[in-house]
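Me: I would like to learn how to read the features of a model one at a time. Could we go through this one together?

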Amino acid sequence: MADNIVGIIGGSGLGNALVEQLKNVSIEDIDTPFGKPSVPVSIGTLQGRQIAFINRHGNGHRFMPTNVPYRANIYALKKLGVTSVIASGAVGSLKEAIRPKDLVVVDQFIDKTTQRTSTFFDSTAAVHCAMSEPCCGSLRDAIIAASKNIQATTHPDGTYVCMEGPQFSTRAESLMHIAWGADLIGMTAMPEAKLAREAQMCYAMISLVSDYDCWRKHEPGVDAQDLLAEIIGNLTAATQNAIELIKAVLASDTPLCNDSCNCRKSLDLAVWTDKNAIHADKMNQLQVLFK
Ligand SMILES: [Zn+2]
């Protein structure tokens, strides 16, 4: 099956800016076994494709990263028939060459979160999905190909450290992340990417670079107010770049991915618990993930 409806999760920056671009919008208020998603899902068309959009932080940015209902968001998109998810989020750069306003098509994550449930199956079964390649290769290729048609600098790969927050890193932590070989620091890609994998959906992340993380000392004489204004300006510019990129991806004739993708078969060998030991009612609630 081709992607009949493409899921888009907008983070800081993209939230309402993308909804304004959708045509023929309808709002779906969806319930899931994990509660309500961050917002009712906006369904509409963009570049002729059907889109299901969720603003990750909710209206008015009400959910801090720890409290985003990641499971409900992914479950809701799956329930709507979404097979590919393009997510976005603001990040700090850990590399001089990845500049504010740039976009990065992330290929790896380091999960440092500690307070989020990272599986749909915590009360059902032991389910172990492969995560060596956490993003769909085909979906990433489609985004990288489309990036040739926009002006903004788009980096074709990058390792994203997901921290718990809500505070930003200390300088020692920032330097440690650099020593790990990471490129970006953010607070929201995890457990979202893991849950998309458990939901057998293709997932890719476009990161919007708002600033250099604190490893890089600021120019002398720049005060906090100036810095904040600069970060907001960078994020606004990166958001416009991300919208251009998403539109270019959707406008392309190339399929984003297809049902032969390993992302869409991720549960085939992942359930380790004996079928007889699984509580049938609980598993029935999760059948939507197996489709
Ligand atoms: Zn795929």
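Me: Let us begin with strand pairing. Which residue in β3 stands opposite Lys23?

Reply: This is a predicted model, and in it Lys23 stands opposite Thr45 of β3. That pair belongs to the contact between strand β2 (residues 23-28) and β3, which run antiparallel and are joined by four bridges.

Me: How should I think about the side chains of a strand, and how many of the six residues of β3 are buried?

Reply: The general idea is that side chains in a regular strand alternate between the two faces of the sheet. In this case, five of the six residues of β3 (residues 41-46) are buried, so the strand is mostly covered. Val41 is a residue of β3, and its relative accessible area is 0%, so it counts as buried.

Me: What is Val41 in contact with, beyond its neighbours within four places in sequence?

Reply: The contacts of Val41 include Ser26, Ile27 and Glu28, and also Ala52, Phe53 and Ile54. Ala76, Leu77 and Leu80 are on the list as well. Between Val41 and Leu80 there are 39 residues of separation along the chain, yet their C-alpha atoms are separated by 9.4 Å. For a contrasting pair, take Gln167 and Ser26: they are 141 residues apart in sequence and 36 Å apart in space, C-alpha to C-alpha.

Me: Where does Gln167 lie, and is Gln167 buried or exposed?

Reply: Gln167 is in the loop between β9 (159-162) and α4 (171-179). With a relative accessible area of 56%, Gln167 is exposed.

Me: How do I read burial along a helix, and which residues of helix α3 are buried?

Reply: In general, an α-helix has 3.6 residues a turn, so residues three or four places apart point the same way. In helix α3 (residues 137-147) the buried residues are Leu139, Arg140, Ala142, Ile143, Ile144, Ala146 and Ser147. What covers them includes β5 (84-93), β6 (103-105), β8, β11 (202-212) and α6 (224-251).

Me: Take β8 from that list. What is Thr154, a residue of strand β8, in contact with?

Reply: Strand β8 spans residues 154-155 and holds Thr154. Apart from neighbours within four places in sequence, Thr154 is in contact with Leu103, Val105, Ser147 and Leu245. Thr154 counts as buried because its relative accessibility is 17%, under the 20% limit.

Me: Next, the metal. Which residues are the protein donors of the zinc ion?

Reply: The donors are the SG atoms of Cys136, Cys202, Cys257 and Cys261, lying 2.3 Å from the ion. The spacing of these residues in sequence is C-x65-C-x54-C-x3-C. Cys257 is buried at a relative accessible area of 5%, and Cys261 is buried at 13%.

Me: Why is the arrangement around the zinc ion called tetrahedral?

Reply: The arrangement counts as tetrahedral because the four donor atoms subtend angles of 101 to 116 degrees around the ion.

Me: How many disulfides does the count give?

Reply: The count is zero. A disulfide needs two cysteine sulfur atoms within 2.5 Å. The sulfur of Cys214 is too far for a bond, because the closest cysteine sulfur, in Cys162, is 16 Å away. Cys263 is in no disulfide either, and its nearest cysteine sulfur, in Cys261, is 3.6 Å away.

Note on methods
Residues are numbered from 1 along each chain as its sequence is written. This is a predicted model: local features need pLDDT of at least 70, side-chain atom pairs count only at pLDDT 80 or more; totals for chains, interfaces and linings use all residues. Side-chain values use heavy atoms; hydrogens and water are left out. Donors are N, O and S atoms within 2.8 Å of the metal (3.2 Å for Na, K and Ca); water is not among the atoms, so sites may look incomplete. Four donors count as tetrahedral if all angles lie between 85 and 135 degrees; four count as square planar and six as octahedral if opposite donors are over 155 degrees apart and all others between 65 and 115; anything else is irregular. Buried means under 20% relative accessible area, exposed over 50%, partly exposed in between (1.4 Å probe, protein chains only). Helices (H or I, at least four residues) and strands (E, at least two) are DSSP runs, numbered from the N terminus. Two strands pair if DSSP finds at least two bridges between them. Contact means heavy atoms within 4.5 Å.
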